[in-house]
Amino acid sequence: MPTSYDSDLTAWAKETAQLLRERHWNAIDWEHLIEEVEDLGKSERSAIASQMERIMVHLLKWQYQPQRRSDSWLDSINDGRSQIRRKLEDSPSLQNYPQEILSKEYGISRREAARQTRLAIDIFPEDCPYVIEQVIEDWLPDQD
């Protein structure tokens with residue numbers, strides 16, 4: 001008896017892949033397979049958004065709390081950029097996505113930076129002070 005999508009997603013995915021390889025079209029749970037394929041794109045976009053938020057939180061902290069700068073902040077920024085580069089290499093159709101979500105993700109990052117630093121949110125610019133290249137390429141606020 002095949003594994004149900006709702007009972008064990010990993011086993012279901014493995015069994016579905018095997019059914020596809022063997023071309024057992026009638027045995028495939030098409031509804032859930034289509035959902036999963038659609039979710040792949042959502043997952044990639046979500047990962048990029050999450051990394052952009054992480055990068056901008058650390059850029060804001062780097063800029064507005066220079067006395068607390070640390071290698072861990074720099075490592076986090078660099079790792080986030082690396083993760084985004086990988087996602088964009090794997091999915092070139094998402095090349096413009098970081099630019100599309102820059103403003104939205106900055107708003108989230110601004111609130112999170114205020115929470116983490118315990119600085120008033122008004123200290124951070126309301127509009128994103130960074131262009132997309134500054135967020136995803138090798139740049140730090142004190143390099144200008």
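Is D79 buried, partly exposed or exposed, and at what relative accessibility? D79 counts as partly exposed, at 32% relative accessibility. The model is predicted, and a search of the whole structure finds five salt bridges in it. Three of these pairs, including one that involves D79, are set out below.

**Pairs between helices α2 and α3**

- D79 and R54 form a salt bridge through their side chains, with an N to O distance of 2.6 Å.
- Because D79 belongs to helix α3 and R54 to helix α2, this pair ties together parts 25 residues apart in sequence.
- E44 sits in helix α2 (residues 30-64) and K87 in helix α3 (residues 71-90), so the pair links distant parts of the chain, 43 residues apart.

**Pair within helix α4**

- E112 and R115 meet in a salt bridge between their side chains, at 2.4 Å from N to O.
- Both residues, E112 and R115, lie in helix α4 (residues 97-117), where they are three residues apart, about one turn of the helix.
- R115 counts as exposed because its relative accessibility of 55% is over the 50% cut-off.

**General point**

- Side chains of opposite charge can pair when their charged atoms come close.

Terms used: Residues numbered from 1 in each chain as written. Predicted model: local features only at pLDDT ≥ 70, side-chain atom pairs only at ≥ 80, totals over all residues. Heavy atoms only, no water. Salt bridge = Lys/Arg side-chain N within 4 Å of Asp/Glu carboxyl O. Helix = DSSP H or I, 4+ residues; strand = E, 2+ residues; numbered from the N terminus. Buried < 20%, exposed > 50% of the residue type's maximum accessible area, 1.4 Å probe, protein only.
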